[in-house]
Amino acid sequence: MQNPSWFLYGPGVAKIEDRAIPTIGDSHDVILRIAYVGVCGSDVHFWKHGGIRKVVSPERPLVMGHEASGTVHSVGPDVTSVKVGDRVAVEPGFPCRRCKACKDGVYNLCRQMRFAADPPDTHGALTKFYAAPEDFLYKIPDGVSLEGAVLVEPLAVAVHATRLGSVRPGQDVIVMGSETIGLMCGAVAKAFSANRIILVDIVEKKLEFAREHLKCETFFYDIKSTSEDNATGLLNAFDIADGVDAVIEASGAETSIQSGIHLLKLGGNFVQAGLGKPKIEVPIIDLSTKELHFHGCFRYSSGDYELALKLLSKRDISLRPLISSVTPFEQATTAWDKTGKGEGIKNLIQGVKD
Ligand SMILES: [Zn+2]
Ligand SMILES: [Zn+2]
């Protein structure tokens, strides 16, 4: 095979198939040799259900994968920022560059975005060769491995969320949900010199990880108790009288969102980073009378990848402990299963070997 690629045909049906090696279409295009691809919750959702809002079909199978690192294989004639052999992290969504959102610098909101592994036909990076425009590739600093560079994608999500929460030195921050994105938000808040950083989850094992590897404080969320009681319990446990400056909600769970609003001080910042049910009940009177700032949050935008890489290279953030396993390319489905069963934090799939 010249370009083996993992195609998803529907729920639980995926196979490696060959396809043409991508060619340089635009003079700023780069062809990469993929080194590692990370597995995240959305991959598991695709593997179990065939997609999220749009689904794949046997007629229109889709190449999976959106968290990727690789080395530059070839470059278009006008490429100046990378050269053959460079190691890069991939920002896997390419906006149209012409719409209002793109011109305003919030290209993550571009409605013509071509995001990796998006049905019906924007193929992903779980393949041998992958094409991307040069300005969506980021050279990896010397101290960062190709494995670690896969984590720049979720770290950029955390950078975006923490920035939206206007987290500043000395502030108190609560992160609801302690999976990959929640853990990374905790790490970014720490790099931003927040004072107290409290990670919350309903699974004690995840909190243990947060305490051990991020040196954050943690709170076990009792799902049998109300959202108000959980919030009061947390504030009492940490002796916080007036609420915290920022809540980053990374679980998407309804009660967690409700608690987050109760946990904020007057005028505090709420960032909704997790995606859950499309409609939920919100303590709207609290939100209004406390004049909270409620921020939607979607992927990452201008400058987020750059900052994520800087935090990694300055060793403000160490992501090594988050990598739980590396699976050979040919066994990618076992990596999806692992993540689906909640095994490990970040499971990686290795690129095609020669
Ligand atoms: Zn992801
Ligand atoms: Zn656009």
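Visitor: Which residues in α4 are buried?

Guide: V152, E153, P154, L155, A156, V157, A158, V159, H160, A161 and T162. Buried means under 20% relative accessible area, exposed means over 50%, and partly exposed is what falls in between, using a 1.4 Å probe and protein chains only. Do bear in mind that this is a predicted model, where local features need pLDDT of at least 70 and side-chain atom pairs count only at pLDDT 80 or more, while totals for chains, interfaces and linings use all residues. Residues are numbered from 1 along each chain as its sequence is written, chains are lettered from A and ligands numbered from 1 in the order written, and side-chain values use heavy atoms, leaving out hydrogens and water.

Visitor: Why is α4 described as largely enclosed?

Guide: Eleven of its 13 residues are buried, so the rest of the structure largely encloses α4.

Visitor: And what makes α4 a helix of the expected span?

Guide: Helices here are DSSP runs of H or I with at least four residues, strands are E runs of at least two, and both are numbered from the N terminus. The expected span is 1.5 Å times one less than the number of residues. With 13 residues, α4 reaches 18 Å from first to last C-alpha, close to the 18 Å expected. After α4 comes S166, with a positive phi near 50°.

Visitor: What makes something a nonpolar core, and which residues have the most contacts inside the largest one?

Guide: A core is a set of buried Ala, Val, Leu, Ile, Met, Phe, Trp, Tyr and Cys residues joined through side-chain atoms within 4.5 Å. The largest has 93 residues, and L126, Y130 and W336 have the most contacts inside it. Helix α4 gives the most to this core, with seven residues. The core also draws at least three residues from each of domain 1 (5–151 + 319–350) and domain 2 (155–296). Apart from it lies another core, of 20 residues, with A231, I240, F270 and L287 among them.

Visitor: Where do those domain bounds come from, and how many residues of domain 1 are in contact with domain 2?

Guide: The bounds come from an automatic or database domain assignment. Contact means heavy atoms within 4.5 Å, and eight residues of domain 1 are in contact with eight of domain 2. The C-alpha centres of the two domains lie 29 Å apart.

Visitor: Why is the site of the zinc ion (ligand 2) called tetrahedral?

Guide: Start with the donors: N, O and S atoms within 2.8 Å of the metal (3.2 Å for Na, K and Ca), with water not among the atoms, so sites may look incomplete. The SG atoms of C96, C99, C102 and C110 lie 2.3 to 2.4 Å from this zinc, so they pass. Four donors count as tetrahedral if all angles lie between 85 and 135 degrees; four count as square planar and six as octahedral if opposite donors are over 155 degrees apart and all others between 65 and 115; anything else is irregular. The angles here are 105 to 115°, so the site is tetrahedral. In sequence, the donors are spaced C-x2-C-x2-C-x7-C.

Visitor: How do you know whether C99 is buried or exposed?

Guide: Relative accessibility is 19% for C99, so C99 counts as buried. C110 is at 4%, so C110 is buried too.

Visitor: Which protein donors does the zinc ion (ligand 1) have, and why say that the pair ties parts of the chain together?

Guide: The donors are C40 (SG) and H66 (NE2), 2.1 to 2.3 Å from the ion. C40 sits in the loop between β3 (29–38) and α1 (41–49) and H66 in the loop between β4 (62–63) and β5 (67–75), so the pair ties together parts 26 residues apart in sequence. C40 and H66 are both buried.

Visitor: What is the phi of K215, and is K215 buried or exposed?

Guide: Most residues other than glycine have a negative phi, and most peptide bonds are trans. K215 is not a glycine, yet phi is positive, about 55°. With a relative accessible area of 61%, K215 is exposed. E291 has a positive phi as well, near 45°, and at 62% E291 is exposed.

Visitor: And what joins P119 and P120?

Guide: A cis peptide bond, with omega about 5°. P120 is in the loop between β8 and β9 (129–133).
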